[in-house]
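Please open the model in your viewer and keep the selection panel at hand. The stops below are meant to be taken in order.

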Amino acid sequence: MKSLEELKAIREKMQNQIGLRNEAEANIRVVVGMATCGIASGARPVLNALSTAVQEKGLSNIVVTQTGCIGLCQFEPIVEITEADKEKVTYVKMTAEKALEVVEKHLVRGQIVKEYTIQNYIK
């Protein structure tokens, strides 16, 4: 268990990373479910990987943010990507490694990683 001071430092660091982008300027929104179910399933490393990769690649049109429970706890960690004039894409059972692949393929090249989407898990 981390101390309260360590958790506050992590929170401030993440808020600074998330706040780097003005949501009004972004046309792609990446949302990570960070309720207790998401955090317990490993959403924090996913959020860290996404925000760091977007920042390192200089993807200024993308905002990475967090939300509460998305309502599909059994599929956590969940990442939703919303782009203007496109259907929302929901990635489920994410890991930091999968998140980096999504950044490279979906956010940089525009190719949805179908094997990680919720449609691949619900049949």
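This is a predicted model: local features need pLDDT of at least 70, side-chain atom pairs count only at pLDDT 80 or more; totals for chains, interfaces and linings use all residues.

Residues are numbered from 1 along each chain as its sequence is written, and side-chain values use heavy atoms, with hydrogens and water left out.

A pocket here is an open set of points on a 1 Å grid over the protein atoms alone, where a 1.4 Å probe fits, with protein on both sides within 12 Å along at least five of seven lines, and lining residues have an atom within 4 Å of a point. The space in the largest pocket comes to about 170 Å³, a volume being the space filled by probe spheres set on the points, which are joined across faces, edges and corners. Next select helix α1 (residues 4-18), which gives the most to this lining, with six residues; helices are DSSP runs of H or I with at least four residues, numbered from the N terminus.

Move on to helix α3 (residues 43-56), where the buried residues (under 20% relative accessible area, 1.4 Å probe, protein chains only) include V46, L50 and V54. After α3 comes G58, whose phi is positive, near 65°.

Finally, select E97 in helix α4 (residues 96-108), which counts as exposed (over 50%) because its relative accessibility is 59%. E97 lies 9.4 Å from P45, C-alpha to C-alpha, although 52 residues separate them in sequence.

Conventions: Helices (H or I, at least four residues) and strands (E, at least two) are DSSP runs, numbered from the N terminus.
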